[in-house]
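Open the model in your viewer and keep the selection tool ready. Each stop below tells you what to pick next.

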Amino acid sequence: MTSAPMMTPMPTRFPSWERPGRLLRLSEKKTAAVLVEVQAMCALGVDGIMSACPYYNKPTQAGLERHFLSIADVSTKPMMLYNIPGRTGVNMLPATSLRLARHPRIRALKEASGDLQQMMRLLADRPDDFAVLSGDDAF
């Protein structure tokens, strides 16, 4: 069963967005289902995509990279990755996030691993136009 996409006002400006807008949040274990949803929502006019690591099937780092690159390739909007291992069961490592940051539509990462060393590596090595945010929805 696919969860309904959630439209969330984006409170901050990211390097490739000129104004706050509507951010589609997607979390799905099947890449194919996400691709269909992203294409439909981009056509409806969302301003950006935020996609979490696939849950339940615990993909490898290479699997995460393929998943997110597939989404970025079909999207016509900027994209934010969401690493929340406490909810998805898989942690996207900094090396994977930084490789994904090279894609022209992947513009930000919400890093919710809780690992300070991981966050520091991301901040130190990220491209200048790649935003890294941190947060935990438990508060």
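Start with M120, which counts as partly exposed because its relative accessibility is 48%. Here buried means under 20% relative accessible area, exposed means over 50%, and partly exposed lies in between (1.4 Å probe, protein chains only).

This is a predicted model: local features need pLDDT of at least 70, side-chain atom pairs count only at pLDDT 80 or more, and totals for chains, interfaces and linings use all residues. Residues are numbered from 1 along each chain as its sequence is written, and side-chain values use heavy atoms, leaving out hydrogens and water.

**Stop 1**

M120 sits in helix 5, residues 116-125. Helices (H or I, at least four residues) and strands (E, at least two) are DSSP runs, numbered from the N terminus.

**Stop 2**

The term means a side-chain nitrogen of Lys or Arg within 4 Å of a carboxyl oxygen of Asp or Glu. By this rule the count comes to three.

**Stop 2: two links across the chain**

Select E65 and R99. Their salt bridge has its closest N and O atoms 2.9 Å apart. It links distant parts of the chain: E65 is in helix 2, R99 in helix 4, 34 residues apart. E65 is buried, at 17% relative accessibility. R99 is partly exposed, at 32%.

Next, select R107 and D129, whose side chains meet in a salt bridge (2.9 Å, N to O). R107 lies in strand 5, and D129 in the loop between helix 5 and strand 6. Is R107 buried or exposed? R107 is buried, because its relative accessible area is 6%.

**Stop 3: the cores**

A nonpolar core is a set of buried Ala, Val, Leu, Ile, Met, Phe, Trp, Tyr and Cys residues joined through side-chain atoms within 4.5 Å. Select V38, F68, I71, M79, L81, M92 and I106: of the 26 residues in the largest core, these touch the most other members. Which helix supplies the largest share of this core? Helix 1 does, with five residues. Another core, of nine residues, lies apart from it; M50, M80, Y82 and I84 are among them.
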